[in-house]
Amino acid sequence: MDKKYTALGLMSGTSMDGVDASIVSSINGIQYDEVFNKYYEYDKDLYQNLLIIRDKICSSTDLKRFSEELETIEKKITLFHAKVVNDINNTIKKTSPIPEIIGFHGQTIFHNSKKKISVQLGNGKLLSQLVRKIVVYNFRQNDLQNDGEGAPLTPIFHKSLKEKIFKVRAPLIFVNIGGITNVTCFVSKDNLDEKMFACDIGPGNCLIDEWIRKNSKKKFDENGLIAKSGNTDKLILNQSLENFDLTFGNSLDIKDFDISFVRGLSLEDGAATVTNFTVEVILNNLRELLKKTKDRFNNHFTYNFIICGGGRKNNYFVNILEKKIRLNIQCDKFQLIDDYGIDGDFVESQAFAFIAIRSYLKLPISFPETTGCKVPITGGMIVKNF
């Protein structure tokens, strides 16, 4: 018998400025319905403490070295999430179904798939105790232990999103520009036997945000206006691209990149150069990925692109990316996810609500074609601590 499950997804991304919260319902973890979305900003001290501790964690040994600091800030993060859950329960109790499951992503502080380590700060047992709900957390570890990359995990939600909302047929590519950029691709031969595959393809906001934070009082380059006002140093850009070495297909962490190559440039010129560097890395890896797809399917596709993630708000970045894609890849449609009536700010929080339901039902959340795991597997630790 079909049963509807309702889950609250809590997502804090690499910007580390707050928590996106979304409630979705799903019958048997196949399709979903959107119920509620709201953003909760971290207070200034928590935001600053997260930036400081993330800068300290550069290797797995640092996790032990700064374990006490990590434990302290993890408790603060968990208490913040508990307040979010309680506020949402009070807000919706008369108008919407109360979520029975919490999808608690936590704050990523370190990711290294080669060492099978992915650390998201957030105590699932404590959160369950505080809010008296079933909590699903630590989503990536089972995938890592089964030879997966631990990321990306959102493709299964993209599949549900595609089937529910988008009338655009395959080949369709979701480009998710968060701190890291990942893609989910849907292709089919002669509109039959549709396949889904995904991977990280480069930096997203991480380099741009870091440059802005370290060289101004701003947190990010709003609408890309700072970069737009600068000039790209083409010599530095070309040299950095020539020297850049990225093992294509691996999951990525923001620590895989740094902004040292633009040291000494003005705020504006550095922002422009970093932005164009990010676009070029994404484009080069996207072309390589799609070349493998064409070889595999023996077909020449014209692709439809849907842009997701916080990076979609950087108009300068997105405009350059679109121009580069249209010049180098057969592209039909290139649109923001918001153009389809979807609030792009809450795609990932909705995704982890949906994934939490699938985890609770022991359904796969990662696949050989998305993370490289051996077989389709479920994931997430499920705790009921009340």
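Buried means under 20% relative accessible area, exposed means over 50%, and partly exposed lies in between, using a 1.4 Å probe and protein chains only.

## Basis

This is a predicted model: local features need pLDDT of at least 70, side-chain atom pairs count only at pLDDT 80 or more, and totals for chains, interfaces and linings use all residues. Residues are numbered from 1 along each chain as its sequence is written, and side-chain values use heavy atoms, with hydrogens and water left out.

## Asp-147

Asp-147 has a relative accessible area of 42%, so this residue is partly exposed. Asp-147 lies in the loop between helix H5 (141-145) and helix H6 (155-164). Helices (H or I, at least four residues) and strands (E, at least two) are DSSP runs, numbered from the N terminus.

Leaving aside residues up to four places away in sequence, Asp-147 touches Lys-116, Gly-372, Cys-373 and Lys-374. Contact here means heavy atoms within 4.5 Å. With Lys-116, the side chain of Asp-147 makes a polar contact of 3.4 Å. Such a contact is a pair of N or O atoms within 3.5 Å; within protein, one must be able to donate a hydrogen and the other to accept it, and residues adjacent in sequence count only if both atoms are side-chain atoms. Val-375 is 228 residues from Asp-147 along the chain, yet their C-alpha atoms are separated by 9.5 Å.

## Strand E10

Tyr-303, Phe-305 and Ile-307 point one way. Asn-304, Ile-306 and Cys-308 point the other way.

E10 has parallel partners in strand E7 (residues 172-177), through 5 bridges, and in strand E11 (residues 331-336), through 4 bridges. Strands pair if DSSP finds at least two bridges between them. Asn-176 stands opposite Cys-308 of E10. Phe-305 faces Phe-334 in E11.

## Helices H3 and H4

The axes of H3 (residues 67-92) and H4 (residues 124-131) come within 9 Å and cross at roughly 35 degrees. Axes are lines fitted to C-alpha atoms, for helices over the stretch in contact, and angles run from 0 to 180 degrees between N-to-C directions.

H3 contributes Lys-75, Thr-78, Leu-79, His-81, Ala-82, Val-85 and Asn-86 to the contact. H4 contributes Leu-126, Leu-127, Leu-130 and Val-131.

## Ser-359

Ser-359 sits in helix H12 (residues 347-360). Its relative accessibility is 1%, so Ser-359 counts as buried. Beyond residues up to four places away in sequence, Ser-359 touches Val-136, Phe-139, Ile-365, Thr-378, Gly-379 and Ile-382.
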